[in-house]
Amino acid sequence: YDDINWVNTFDFDPQYGLGYRSIMPNSTQRYKLEFDIDCKFNEPEDGSGQLKYGIMVTRVGIPTPDAEWLIDIPWVSDETVVNLSHTFDMDLIAGEEYYFYVAEGYAVQPIADVTGYQEISSTVKIYGIQ
């Protein structure tokens, strides 16, 4: 993590129904956020067996995501491991809070009814770029 501080609170986002630990950049600039995440999910509550797996990066207090990346993959079982590898280039503002999470959703809106589990081999890299 380059020029980024973790905010030592565990807050709750009522829009998506999830907890998060946020990051705060020290300077306003463009950052590269690299994700290589292995995750597992519970079964969709609607029984569809279809999930949108992805990564969402959100600015705290802003209701719409600044960046999201979703892919449609059929859910098979609780043991199915999905790899999510994606890179965002984003302009982050110093002193503002941001958080990211492995997103899921079915139907139209991303929801938090299906819990994702991050596996140990996952990595996240955040660094400033010119």
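This text leads through the aromatic residues of the structure and then turns to a loop. The model is predicted: local features need pLDDT of at least 70, side-chain atom pairs count only at pLDDT 80 or more, and totals for chains, interfaces and linings use all residues. Residues are numbered from 1 along each chain as its sequence is written, and side-chain values use heavy atoms, with hydrogens and water left out.

A search of the whole structure finds four aromatic pairs. Rings of Phe, Tyr and Trp (its six-membered ring) pair if their centres lie within 6.5 Å; planes under 30 degrees apart count as stacked, over 60 as edge-to-face and the rest as tilted. One of the pairs is F35 with F88, edge-to-face, at 5.9 Å centre to centre and 80° between the planes. This pair links distant parts of the chain, with F35 in strand β5 (residues 29–41) and F88 in strand β8, 53 residues apart. Strands are DSSP runs (E, at least two residues), numbered from the N terminus.

F35 also pairs edge-to-face with F100, at 5.1 Å centre to centre and 75° between the planes. Here strand β5, which holds F35, is linked to strand β9 (residues 98–105), which holds F100, 65 residues apart. F35 counts as buried because its relative accessibility is 4%; buried means under 20% relative accessible area, exposed over 50%, and partly exposed in between (1.4 Å probe, protein chains only). F88 is buried too. Y1, W6, F35, F88 and F100 form one aromatic cluster.

V76 lies in the loop between β7 (67–74) and β8 (82–92). V76 is exposed, because its relative accessible area is 60%.

How values were computed:
Helices (H or I, at least four residues) and strands (E, at least two) are DSSP runs, numbered from the N terminus.
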